[in-house]
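Okay, thanks everyone, I'll keep this brief. Have a look at the model on the screen, and then I'll walk you through the inside and the pockets.

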Amino acid sequence: MIEIVELNVRKAVFPVAGMGTRFLPATKAMPKELLPIIDKPLIQFAVEEAIEAGLTELVFVTGRTKRAIEDHFDHNPELEALLKEHGKVDLADQIRDIIAPNIHCIFVRQPEALGLGHAVLCAQPVVGGEPFAVILPDEFMTGAAKPTASLVQHFNATGESAISVMPVEYEDVSKYGIIAPDGLDHHQVTRFSSIVEKPTPDTAPSNLAAVGRYVFSADIFDYLCSIPRGVGGEYQLTDAINQKAKQNQIAAIPISCDRYDCGSKFGYFQAIVNQALERPDFRDNAREFLAAKLSMR
C-alpha cells in the first residue's frame, strides 16, 4: 500500500521503452521518441509541455536501446565548444538550454516490455507517494492550451486524478481507451464510470478517447499492482484507470489543442506539415511548396 503524500504535482513520467516497430527501419538504431518534427525530437516537445505545466522532476522509463534519449538531455560541452568556435553561438546556447538547471532528469529501466501499465509502475520507486503526470511523447500536442497544464491545475485545485480525452471517429475507437461518460459539469470536466481498452465500434461506450496525458495520485500504483494482464497479454494502464473510475476517483478533461498521433506514420506526417505551416521560418515556403504540389494533381 502506497503512503499518499498530499502535494502539488511536480513530477512527470515519460514511458519511452517501446520498440517503435511501426517506424522500422528508421527506429532500428534510433528511439522513436527522437524522431524529429523538423528539427526538434518528439520527446523534447513532451518535456517542454511538462515544464510549461510547472513540473520540475522528469522521470524517463527507458529500455535497453534508449540510451540516446539520456544523451539528448545531457550536456555536451564538446559540441557546444565546437559550435561556438565556428561562430554558431545561438545554436550552442540552444543545445545547452534544452533542459534548464532547475529541471531534474531521472532515468529508470523497464526490464521487460510488459505494457504501459507496467512501464508506469516501474517509476514507483522514484515517484513514491507523490502525485505525478504521465506523458506519452508520441501524442504530439500543439497549440496555446496544452493538456498537461489543465490536468495539473485540476489536480492542484481538487486533489482529483484526471485524464485527457477527445472525440474520435467511431471507426477508430478500437485504437484507444474509451470512457463511459456520466455527464459534463460547468468546469468542462467529464465524469466517467468506466474506461474500456480498444473496444469494437459496436461495444464502445462513447467516442471519447484517452489521448496520452494523465495526472494521478500515487494510489494508481496500488491499482497497477492488482490488475491482471489485459489486452495483448500486457498490463494495461487503462485497466488501473478503470478501477479508479469505479470508485469515482478520476475525471476526464477534453483537450482544447490540436493533437497528432505520431505513433502512426500518417499522424507523424501531419504533425510535420502542421509545424511547417505554423513556424515563421518555414511558413511561407511551406505554403508555396504545398500549393505548387497540389496544383500539379
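So, the largest nonpolar core: this is a predicted model, and that core comes out at 33 residues. The ones with the most contacts inside it are Phe132, Ile163, Phe192, Tyr214, Phe216 and Ile241. Take Ile241 as a way in. Leaving out residues up to four places away in sequence, Ile241 touches Ile163, Phe192, Ile195, Tyr214, Phe216, Ile220 and Ile250. There's also a second, separate core, with 29 residues, and Ile253 is in that one, along with Ala53, Ile69 and Phe73, among others.

Now, strand β12, residues 250-254. How many of its five residues are buried? Four, so to speak a mostly covered strand. On the parallel side of things, β12 pairs with β8, residues 161-167, over five bridges, and there Ala162 sits opposite Ala251. With β10, residues 190-197, β12 runs antiparallel, joined by two bridges; here Arg191 is what stands opposite Ala251.

Of its 39 lining residues, Arg22, Lys32, Leu116, Leu136 and Asp138 are the closest to the centre. β10 turns up again: it supplies at least two lining residues, as do α5, β11, α9 and β13. By class, that lining is 18 nonpolar, 10 polar and 11 charged.

The second largest pocket is about 450 Å³. It has 16 lining residues, with Gln44, His72, Gln94, Ile95 and Ile98 closest to its centre.

Methods
Residues are numbered from 1 along each chain as its sequence is written. This is a predicted model: local features need pLDDT of at least 70, side-chain atom pairs count only at pLDDT 80 or more; totals for chains, interfaces and linings use all residues. Side-chain values use heavy atoms; hydrogens and water are left out. Buried means under 20% relative accessible area, exposed over 50%, partly exposed in between (1.4 Å probe, protein chains only). Two strands pair if DSSP finds at least two bridges between them. A nonpolar core is a set of buried Ala, Val, Leu, Ile, Met, Phe, Trp, Tyr and Cys residues joined through side-chain atoms within 4.5 Å. Contact means heavy atoms within 4.5 Å. On a 1 Å grid over the protein atoms alone, a cavity is a set of points where a 1.4 Å probe fits but cannot get out, and a pocket is an open set with protein on both sides within 12 Å along at least five of seven lines; lining residues have an atom within 4 Å of a point. Ala, Val, Leu, Ile, Met, Phe, Trp, Tyr, Cys and Pro count as nonpolar, Asp, Glu, Lys and Arg as charged, and the others, Gly among them, as polar. Grid points are joined across faces, edges and corners, and a volume is the space filled by probe spheres set on the points.
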